[in-house]
Amino acid sequence: MIEAGEATAGRSHFSCQLCGQHHHGDMITMREMMFGTREEFDYFLCDNCCTLQIAQVPDNLAAYYAADAYYSFGEGTGEARWKSALKRICARGMIGRPEKYPMGNGPIDRIRRGAEPWIAQVEGLWRDAAVLDVGCGKGARLEALARLGFTDLSGVDPFLPATQEGTSVQGIHFFRGELTEIDGHYDLITMHHSLEHVAEPRRLLVAARERLKPGGRIFVRIPLLQDWVWRKYGANWAQIDAPRHFYLMPQAAFIDLAKSAGLDCISSGTDTLGWSLARSEAYARDIPMYNSPGQPNALPFTMSELAEYDRQAQTLNAAGEGDQGYFVLSAA
Ligand SMILES: [Zn+2]
């Protein structure tokens with residue numbers, strides 16, 4: 001059972017926004033550490049569904065998404081062309097085949113899966129499936145799918161640069177706004193680390209279910225609040241990312257939430273990477289992700305220490321206990 005962390009900011013009454021449970025308990029102070037402002041935000045931990053959640057969503061939310069620095073809106077990796085081409089060729093044969101290609105994060109896995117390791121996990125996925133990415137940022141993930149041969153790609157993001165609206169040169173349809181404003185229906189709707197950024201995740205899941213074609217799937221990736229991560233890092237856990245992440249759920253809480261939105265969980269797993277553990281250690285040492293916009297701080301670890309974090313991540317994923325995970329959902 002997850003228990004509240006040590007850093008507390010006084011007792012308050014609150015209601016869990018996911019399960020509705022009323023509490024009288026301790027608030028936990030979280031600090032903004034991506035940009036290193038160290039501004040403080042109150043969170044609380046529901047003792048019924050064990051979801052860590054922000055007490056009050058900030059009014060001026062856009063101020064916490066500096067478009068030039070925020071990772072969803074970042075530029076490409078600058079990888080050598082031959083390497084990208086090799087990854088794409090290997091990755092194409094893996095699309096939609098979870099049995100043959102279980103999620104792994106070793107160096108070989110990363111090369112085999114190309115930039116999009118999750119594509120094997122949606123069983124039966126095919127390249128002319130109609131795919132919508134919710135919270136697509138500048139669309140780097142959709143561009144990677146286009147390079148893998150996907151032909152029917154769309155993305156929606158409320159913070160999409162206005163200049164990017166419309167159809168891109170790769171044929172990707174970009175919408176600036178919310179999922180609820182979209183009329184289309186899709187074979188696959190993806191939410192890669194976007195659900196934790198919305199105030200009403202159940203409403204978003206319902207909106208996605210309503211936009212599925214018959215037999216369609218929703219693929220969600222979110223941070224996962226695990227017992228061990230809360231005990232080890234508490235308020236320094238990098239995936240809290242205050243105040244941008246509103247809800248940090250354990251697997252069971254997410255599956256219940258999906259159920260309440262009329263969705264069944266078909267399969268799930270964890271896909272933690274070493275950076276999440278290393279970044280949490282860095283936050284514990286008071287080192288933010290960025291010094292200033294566009295200037296990421298190097299992690300204070302040697303190459304062999306970073307490799308050790310990668311090994312820890314692989315071990316956690318093999319046990320299904322990573323601090324981020326994925327879920328394949330279908331309409332109930
Ligand atoms: Zn709750």
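Of the 332 residues in the protein, 39% count as buried, where buried means 20 or more other C-beta atoms within 10 Å of the residue's own, exposed means 12 or fewer, partly exposed is anything in between, and C-beta atoms are placed from the backbone. The model is a predicted one, so local features need pLDDT of at least 70 and side-chain atom pairs count only at pLDDT 80 or more, while totals for chains, interfaces and linings use all residues. Numbering starts from 1 along each chain as its sequence is written. Among contacts in the protein with a separation of 6 or more, 69% come from residues 24 or more positions apart, a contact being two C-beta atoms, placed from the backbone, within 7 Å.

Now for the sheet. Eight strands make up an open sheet with mixed pairing, running β7-β8-β6-β5-β9-β10-β15-β12; two strands count as paired if DSSP finds at least two bridges between them. The edges belong to β7 (166-167) and β12, each of which has a single partner strand, so one side of each goes without a neighbour in the sheet.

Strand β15 (residues 324-331) is mostly covered, with six of its eight residues buried. One of its partners is β10 (residues 212-223), which pairs with β15 in the antiparallel sense over six bridges. Here Ile-222 has Gly-325 of β15 as its bridge partner. Another partner is β12 (residues 263-270), again antiparallel to β15, this time over seven bridges. Within β15, Val-328 stands opposite Ser-267, and Ser-330 is the bridge partner of Asp-264. As a rule, side chains in a regular strand alternate between the two faces of the sheet.

On to a helix pair. The axes of α7 (residues 274-284) and α8 (residues 303-318) come within 7 Å of each other and cross at roughly 120°; axes are lines fitted to C-alpha atoms, for helices over the stretch in contact, and angles run from 0 to 180 degrees between N-to-C directions. That angle makes α7 oblique to α8, since under 35 degrees counts as roughly parallel, over 145 as roughly antiparallel, 65 to 115 as roughly perpendicular and the rest as oblique. From α7, the contact takes in Gly-274, Leu-277 and Ala-278, and α8 supplies Leu-306, Tyr-309, Asp-310, Gln-312 and Ala-313. Sorted by class, the contact of α7 with α8 has five nonpolar, two polar and one charged residues; Ala, Val, Leu, Ile, Met, Phe, Trp, Tyr, Cys and Pro count as nonpolar, Asp, Glu, Lys and Arg as charged, and the others, Gly among them, as polar.

A few loop residues have backbone geometry worth a look. Arg-38, in the loop between β2 (22-31) and β3 (40-45), has a positive phi of about 60° despite not being a glycine. Arg-38 counts as exposed because it has 10 C-beta neighbours inside 10 Å. Asp-286 is not a glycine either, yet has a positive phi of about 65°; this residue lies in the loop between α7 and β13 (290-292). With 11 other C-beta atoms within 10 Å, Asp-286 is exposed. Finally, the peptide bond from Ala-242 to Pro-243 is cis, with omega near -5°, and Pro-243 sits in the loop between α5 (227-233) and β11 (247-248).

Key: Helices (H or I, at least four residues) and strands (E, at least two) are DSSP runs, numbered from the N terminus.
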